[in-house]
Amino acid sequence: MPRKTKISKEMIIDAAVEITREYGFEKINARTAAQQLHCSTQPVMYHFTTIDSLKRAAYAKTDRIHSEYLMNIPEDRDPVMSVGLNYIRFAVEEPQLFRFLFQSGYARENSLPEMIDSEELIPVLAVMEKESGLSREKIRQVFLTVALFTHGYASLIAGSGLEYDEKLVAEHLERTWNGAVLAAEQEENS
């Protein structure tokens with residue numbers, strides 16, 4: 001008799017991420033996770049006593065996927081523009097994962113100041129700080145401007161299927177970055 005495959009917690013989380021990727025986070029439940037893994041619902045409910053705890057674990061994994069995607073910056077590219085374009089490109093390539101991260105209510109942060117203080121954002125702020133030469137406080141202001149622009153663009157694309165034109169988006173992103181940096185420099189020098 002063939003040995004049964006042991007279903008691990010990580011396998012269930014991976015299955016939930018795949019369900020989200022294909023059908024949306026609303027479809028995560030014990031039955032769909034079990035179907036994805038070709039098993040009964042027993043292992044799912046053993047590792048996750050509630051579906052909300054499974055969704056939170058899948059959210060955390062999706063957040064790590066997103067962070068890795070953002071920080072995949074080619075050496076010959078402007079790091080700030082690359083992070084912004086990667087953010088928007090993620091919405092184009094992974095619209096369901098994007099919706100899960102930013103439109104599902106599962107984010108740990110409840111406000112923009114909480115988002116700016118999150119650990120996940122430290123590498124992004126460090127890149128922006130290095131590129132601009134601005135203080136951390138000023139770069140936080142610049143980040144807010146650029147983030148609101150970038151998120152708006154990404155949300156439009158992920159939510160409505162707005163056509164993605166990378167050249168146009170890059171031009172707008174660069175204008176937003178340059179304008180926000182200029183405003184911060186003017187404030188810093190006054």
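**Reading a helical model: rings, core and contacts**

Mentor: Phenylalanine 25 and phenylalanine 100 are both buried. The model is predicted, and these two residues are a place to begin.

Trainee: How many aromatic pairs does the structure hold?

Mentor: The general idea is to look at the distance between ring centres and at the angle between the planes; planes under 30 degrees apart count as stacked. This structure holds 9 aromatic pairs. One of them joins phenylalanine 25 to phenylalanine 100, with 5.4 Å from centre to centre and 15 degrees between the planes, and is stacked.

Trainee: Which parts of the structure does this pair tie together?

Mentor: Phenylalanine 25 sits in the loop between α1 (9–23) and α2 (30–37), while phenylalanine 100 belongs to helix α6 (residues 95–103), so the pair ties together parts that are 75 residues apart in sequence.

Trainee: What kind of pair do phenylalanine 98 and phenylalanine 102 form, stacked or tilted?

Mentor: Phenylalanine 98 and phenylalanine 102 form a tilted pair, at 4.9 Å centre to centre and 50 degrees between the planes. An α-helix has 3.6 residues a turn, so residues three or four places apart point the same way. Phenylalanine 98 and phenylalanine 102 are 4 residues apart in helix α6, which puts about one helical turn between them.

Trainee: Which residues do ring pairs link into a cluster?

Mentor: The cluster consists of Phe25, Tyr59, Phe100 and Tyr106, linked by ring pairs.

Trainee: How many helices and strands does the protein have?

Mentor: There are 10 helices and 0 strands. The C-alpha atoms fill a box of roughly 75 × 30 × 30 Å along the principal axes. Of the 190 residues, 41% count as buried. The accessible surface comes to about 11,000 Å², with 52% of it belonging to carbon and sulfur atoms.

Trainee: How many residues of helix α5 are buried?

Mentor: To read a helix, take its span, its cover and its ends in turn. Helix α5 (residues 79–93) has 15 residues and reaches 20 Å from its first C-alpha to its last, close to the 21 Å expected at 1.5 Å a residue. For cover, 13 of its 15 residues are buried, so α5 is largely enclosed by the rest of the structure. At the start of α5, a side-chain oxygen of aspartate 78 comes to within 2.8 Å of the backbone nitrogen of valine 80.

Trainee: Which residues have the most contacts inside the largest nonpolar core?

Mentor: That core has 55 residues, and those with the most contacts inside it are Leu54, Met128, Val142, Phe143 and Trp177. The elements giving two or more residues to this core are α1, α2, α4 (51–70), α5, α6, α8 (122–132), α9 (136–160) and α10 (166–189). The most comes from α9, with 9 residues. As for Val142, residues up to four places away in sequence are not counted, and valine 142 touches Met128, Leu134, Trp177, Ala180, Val181 and Ala184.

Trainee: Is lysine 138 buried or partly exposed, and why?

Mentor: A residue counts as buried under 20% relative accessible area. Lysine 138 is at 14% relative accessibility and therefore counts as buried. Lysine 138 is found in helix α9, and a polar contact of 2.8 Å joins its side chain to that of glutamate 187. Beyond its neighbours within four places in sequence, lysine 138 is in contact with Ala184, Glu187 and Glu188.

Trainee: Which residues does aspartate 63 touch?

Mentor: Aspartate 63, in helix α4, touches Leu101, Arg108 and Glu120 when residues up to four places away in sequence are not counted. Aspartate 63 counts as buried because its relative accessibility is 15%.

Trainee: How far apart in space are alanine 170 and glycine 84?

Mentor: Sequence distance and spatial distance are read separately. Alanine 170 and glycine 84 are 86 residues apart in sequence and 8.5 Å apart in space, C-alpha to C-alpha. Alanine 170 lies in helix α10 and, at 23% relative accessibility, counts as partly exposed. With neighbours within four places in sequence left aside, its contacts are Met81 and Leu85. For the whole protein, among contacts between residues at least 6 apart in sequence, 65% join residues at least 24 apart.

Key: Residues numbered from 1 in each chain as written. Predicted model: local features only at pLDDT ≥ 70, side-chain atom pairs only at ≥ 80, totals over all residues. Heavy atoms only, no water. Expected span 1.5 Å × (residues − 1). Buried < 20%, exposed > 50% of the residue type's maximum accessible area, 1.4 Å probe, protein only. Polar contact = N/O pair within 3.5 Å; in protein donor to acceptor, adjacent residues only side chain to side chain. Phe/Tyr/Trp six-rings, centres within 6.5 Å; stacked < 30°, edge-to-face > 60°. Core = buried A, V, L, I, M, F, W, Y, C linked by side-chain atoms within 4.5 Å. Contact = heavy atoms within 4.5 Å. Areas by Shrake-Rupley, 256 points an atom, 1.4 Å probe, with all protein chains shown as cover.
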